[in-house]
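Thanks for coming, everyone. Please have the structure open on your screens while I talk.

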Amino acid sequence: MTKQVALPFFLLSIFFFLCTTTLAQTPAPAPAGPTNITAVLEKAGQFTTFTRLLKATQMADQINTQLNNSNQGLTIFAPTDNAFSSLKSGTLNSLTDQQKVQLVQFHVLPNIYSTSQFQTVSNPLRTQAGNSGNGEFPLNVTTSGNNQVNISTGVNTATVANTIYTDSQLAVYQVDQVLLPLDIFGVQAPAPAPVTADKDLPSKAPSKSSDTTNDGDTSGAMSLSYNVVAVISFSFALIAATSLQL
């Protein structure tokens with residue numbers, strides 16, 4: 001009788017054990033929700049200034065819209081707060097609203113790149129700031145033997161220090177310098193010297209031919225004077241001769 005009572009309890013214990021084991025092996029579903037770049041940066045920490053710029057320029061909303069409505073993918077170079085603090089005091093405040101947008105866009109590539117892909121990319125890379133040609137927004141990426149990724153803007157050079165976030169559509173990399181676009185922070189070429197007009201040029205010294213001409217004029221005047229004297233002398237002689245005859 002005791003064995004008959006114990007058997008159902010034994011079978012029931014095995015059933016609960018199997019159910020518990022099965023539930024424990026099933027992973028909890030990931031929380032659903034669109035990708036949010038500011039949430040990624042805030043979770044990583046040390047990107048307060050860049051996050052504030054993303055929000056102030058409304059680039060955060062634009063990036064999130066692109067990520068959740070297209071399959072193109074994005075790559076973002078995120079400067080740390082220390083990178084921004086190393087800028088000259090008042091740099092950000094001196095920029096216009098449009099330049100602040102371009103500065104943020106210069107840190108965003110309209111394609112997703114893994115660190116290994118940086119070894120084979122064609123420079124200059126296109127950013128969301130616009131033309132990558134020289135004089136505007138060139139961005140060149142090079143890699144060294146230890147897989148270090150360096151980014152040159154024509155104004156300064158930054159290094160990719162860490163991978164903050166990556167999935168099938170978004171790659172976010174930490175950089176140790178703010179990427180400064182040549183179009184905004186480049187040294188302006190000096191203005192060409194003004195061309196001097198002919199009227200401003202100093203007058204030329206009299207030529208030798210002019211001097212010769214003047215000498216000729218003087219000789220003519222002297223010759224004329226001699227002729228006048230000769231005529232006067234002849235007149236007096238003629239008068240004198242006439243008087244003697246009388």
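Let me start with a term. Helices and strands here are DSSP runs, numbered from the N terminus; a helix needs at least four residues and a strand at least two. With that in hand, find P124. P124 sits in the loop between β2 (108–109) and β3 (140–143). The peptide bond between N123 and P124 is cis, with omega at about -5 degrees. One reminder before I go on: this is a predicted model.

Which strand does β3 pair with? The partner of β3 is strand β4, residues 149–152. The two run in the antiparallel sense, over 4 bridges. Look at T143: V149 in β4 stands opposite T143.

Is N150 buried or exposed? Buried means under 20% relative accessible area. N150 comes in at 18%, so N150 counts as buried. The side chain of N150 also has a partner. A polar contact of 3.2 Å joins N150 to the side chain of T159.

A general point about strands. In a regular strand, side chains alternate between the two faces of the sheet.

Next, A161. This residue lies in strand β5. Exposed means over 50% relative accessible area. A161 has 52%, so A161 is exposed. Now bring in Q177. A161 and Q177 are 16 residues apart in sequence. In space, their C-alpha atoms are 10.0 Å apart.

Q46 is in the loop between α2 and α3 (48–56). Q46 is not a glycine, yet phi of Q46 is positive, near 60 degrees. At 42% relative accessibility, Q46 is partly exposed. Then go to Q58, in the loop between α3 and α4 (59–69). Q58 is not a glycine either, and its phi is positive too, about 65 degrees. Q58 counts as exposed, at 58% relative accessibility.

On to the rings. How many aromatic pairs are there? The count is 5. Take Y113 and F118. Their ring centres are 5.8 Å apart, and their planes meet at 25 degrees. Planes under 30 degrees apart count as stacked, so this pair is stacked. Y113 is buried, and F118 is buried as well. Ring pairs also build a cluster, made of F77, Y113, F118 and Y173.

Last topic: empty space. Rolling a probe the size of a water molecule over the atoms shows where empty space is left. The largest pocket holds about 200 Å³. Two elements give two or more residues to its lining: α2 (37–44) and β5 (157–166). Which of these gives the largest share? The answer is α2, with 4 residues. The lining includes P34, T35 and N36. Further along you meet A39, V40, K43 and A44. I164 and Y165 line the pocket too. By type, the lining has 6 nonpolar residues, 2 polar and 1 charged.

Methods. Residues numbered from 1 in each chain as written. Predicted model: local features only at pLDDT ≥ 70, side-chain atom pairs only at ≥ 80, totals over all residues. Heavy atoms only, no water. 1 Å grid on protein atoms, 1.4 Å probe; cavity = no way out; pocket = protein on both sides within 12 Å on 5 of 7 lines; lining within 4 Å. Points joined across faces, edges and corners; volume = space filled by probe spheres on them. Nonpolar A, V, L, I, M, F, W, Y, C, P; charged D, E, K, R; others polar. Buried < 20%, exposed > 50% of the residue type's maximum accessible area, 1.4 Å probe, protein only. Phe/Tyr/Trp six-rings, centres within 6.5 Å; stacked < 30°, edge-to-face > 60°. Pairing = 2+ DSSP bridges. Polar contact = N/O pair within 3.5 Å; in protein donor to acceptor, adjacent residues only side chain to side chain.
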